[in-house]
Each structure stands twice: as C-alpha cells, then as structure tokens.
Amino acid sequence: TQRTLVLIKPDGVRRGLIGEIVGRIERKADWRITAMELRTFDRETLELHYAEHAGKDFYGPLVEFMASGPSVAMIVEGARVIPGVRALAGATDPIAAAPGSIRGDYGVEVRENLIHASDSEESAEREVKIFFPGLV
Ligand code: GTP
Ligand code: MG
C-alpha cells in the first residue's frame, strides 16, 4: 500500500470542485483519505513544496497563484495510489489531458490545473512532511 499528498489547488476550491475531486478519489475501491485540511498555505510552505522548480520562469507566478486562496491538502492511502491519483489528475497541461481526467474535464490553463499529486514515493514522503508536519 502507498500514500500520496494531494492538493486541490486554489482554482479548484474557488470553482466549487472540492466535492467533485474528493468524490472521484473516494469512489476508488481501497483508497482512503487519512488527513485533510482547507487552508491558505504560506509562501514558505509552497516554496518548499515546489523547490524543484525554483529558478524556472513559471515558478514565481506558480507560488503566487498557490498562495492566492485556500487549497485542500490531503493524504490518500491505498493500493497504487501514487500513480493512481496522477492518472485521475491527467497531464499537467489540461489541453493535453485526457477527457475523463480531472484536468481534462475541468482545466484549460497550465498553471491553474486544479490538482497536485505526488509523483513518486520519495516525493510523497517529502510532501506529507511539508503539509502535515505533525504526522509521522
Ligand atoms: P503537480 O502535480 O502540480 O506537481 O503537477 P505536475 O507534476 O503535473 O507538473 P510539474 O511538477 O512539472 O509542475 C508543477 C506545476 O507547475 C504544474 O502543476 C503547473 O501548475 C505548473 N507548471 C508546470 N509547467 C508549467 C509551465 O510550463 N507553465 C506554467 N505557467 N505553469 C507550469
Ligand atoms: Mg509535480
């Protein structure tokens, strides 16, 4: 079993898509949400989260966007949940994301692409510590 860190980004919260996104995750057999918080995350937290992109042209605007309002952070546990939520999310660019995926169904912009999901076990453990520092 795996765990992954999922964010419903500020655009998803603003557009009223929390229930839709959480519903798609919950409907998967065996997957469980084991932690959840709605909060406007501070820049330090978001800069840590997106450290791999520091220096890229989209990094500054990305952090600004992510700090622009509340996101939902959650830990999801279950069988193959790391690649599984990435598949539910779809490709980073919503125009390239498959219809039926969250980004494919609701997104248009590369930056405001609704959801984040950890891309590996190493990323998941790193990101869980950033967003849920109180958890082991
Ligand atoms: P996350 O699950 O959010 O990490 O997305 P990802 O893994 O599909 O993409 P990546 O880690 O490469 O980029 C992180 C985030 O930066 C993306 O989800 C987008 O919000 C944003 N982003 C990535 N590439 C671009 C880009 O070329 N232009 C812009 N404006 N934003 C980008
Ligand atoms: Mg990523």
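Trainee: In this predicted model, which residues does Ser71 touch, not counting residues up to four places away in sequence?

Mentor: Ser71 touches Leu7, Ile8, Lys9, Pro10, Val13, Phe41 and Met66 once residues up to four places away in sequence are not counted, and each of these counts as a contact because the two C-beta atoms, placed from the backbone, lie within 7 Å. Ser71 itself has its place in strand 3.

Trainee: What makes Ser71 count as buried or exposed?

Mentor: The cut-off for a buried residue is 20 or more other C-beta atoms within 10 Å, and Ser71 has 25 C-beta neighbours inside 10 Å, so Ser71 counts as buried. Along the chain Ser71 and Leu38 are 33 residues apart, yet their C-alpha atoms are separated by 5.7 Å.

Trainee: What makes strand 1 and strand 3 a pair?

Mentor: Two strands pair if DSSP finds at least two bridges between them, and 7 bridges join strand 1 to strand 3, residues 71-78, with the two running antiparallel. Among the residues facing each other, Thr4 stands opposite Val76 in strand 3, and Gln2 stands opposite Gly78 in strand 3.

Trainee: Which other strands are joined by bridges, and in which direction do they run?

Mentor: Strand 2 is joined to strand 3 by 7 bridges, and these strands run antiparallel, with Leu38 standing opposite Val72 in strand 3. Strand 1 is also joined to strand 4, residues 115-117, by 3 bridges, again in an antiparallel arrangement, and there the bridge partner of Leu7 is His116.

Trainee: Why is Thr34 called partly exposed?

Mentor: A residue is partly exposed if its count falls between the limits of 12 or fewer for exposed and 20 or more for buried, and Thr34, with 13 C-beta neighbours inside 10 Å, therefore counts as partly exposed. Thr34 has its place in strand 2, residues 32-39, and touches Ile75 and Glu77, not counting residues up to four places away in sequence. The C-alpha atoms of Thr34 and Arg3, 31 residues apart along the chain, are separated by 9.2 Å.

Trainee: What does UniProt record for His116, and is that residue buried or exposed?

Mentor: The annotation "active site", from an unreviewed UniProt entry, covers His116, a residue that lies in strand 4. His116 has 22 other C-beta atoms within 10 Å, so it is buried, and leaving aside its neighbours within four places in sequence, His116 is in contact with Val6, Leu7 and Lys9.

Trainee: Why is Lys9 called buried, and where does the unreviewed UniProt entry place the feature "binding site"?

Mentor: Lys9 counts as buried because it has 23 C-beta neighbours inside 10 Å, and it is found in the loop between strand 1 and helix 1. The unreviewed UniProt entry places "binding site" at Lys9, Phe58, Arg86, Thr92, Arg103 and Asn113.

Trainee: What makes Phe58 buried or exposed?

Mentor: Phe58 has 12 other C-beta atoms within 10 Å, so it is exposed, given that the limit for that class is 12 or fewer. Phe58 lies in the loop between helix 3 and helix 4.

Trainee: Which residues are around ligand 1?

Mentor: They are Phe58, Leu62, Thr92, Val110, Arg111, Asn113, His116, Ala117 and Asp119, and the residues of this shell divide into 4 nonpolar, 3 polar and 2 charged.

Trainee: How do you know where the buried residues of helix 5 lie around its axis?

Mentor: The buried residues of helix 5, residues 81-89, are Val81, Ile82, Val85, Arg86, Leu88 and Ala89. They cover an arc of only 160° around the axis, which puts them on the same side of helix 5. An α-helix has 3.6 residues a turn, so residues three or four places apart point the same way. The buried residues of helix 5 pack against strand 1, helix 2, strand 3, helix 6, strand 4 and helix 7, and helix 5 is followed by Gly90, whose phi is positive, near 90°.

How values were computed:
Residues are numbered from 1 along each chain as its sequence is written. Chains are lettered from A and ligands numbered from 1 in the order in which they are written. This is a predicted model: local features need pLDDT of at least 70, side-chain atom pairs count only at pLDDT 80 or more; totals for chains, interfaces and linings use all residues. UniProt positions are given in the numbering used here, feature names are shortened, and annotations may be inferred rather than shown by experiment. Helices (H or I, at least four residues) and strands (E, at least two) are DSSP runs, numbered from the N terminus. A residue is near a molecule or strand if its C-beta atom, placed from the backbone, lies within 6 Å of it. Ala, Val, Leu, Ile, Met, Phe, Trp, Tyr, Cys and Pro count as nonpolar, Asp, Glu, Lys and Arg as charged, and the others, Gly among them, as polar. The arc is that of the directions from the helix axis to the C-beta atoms.
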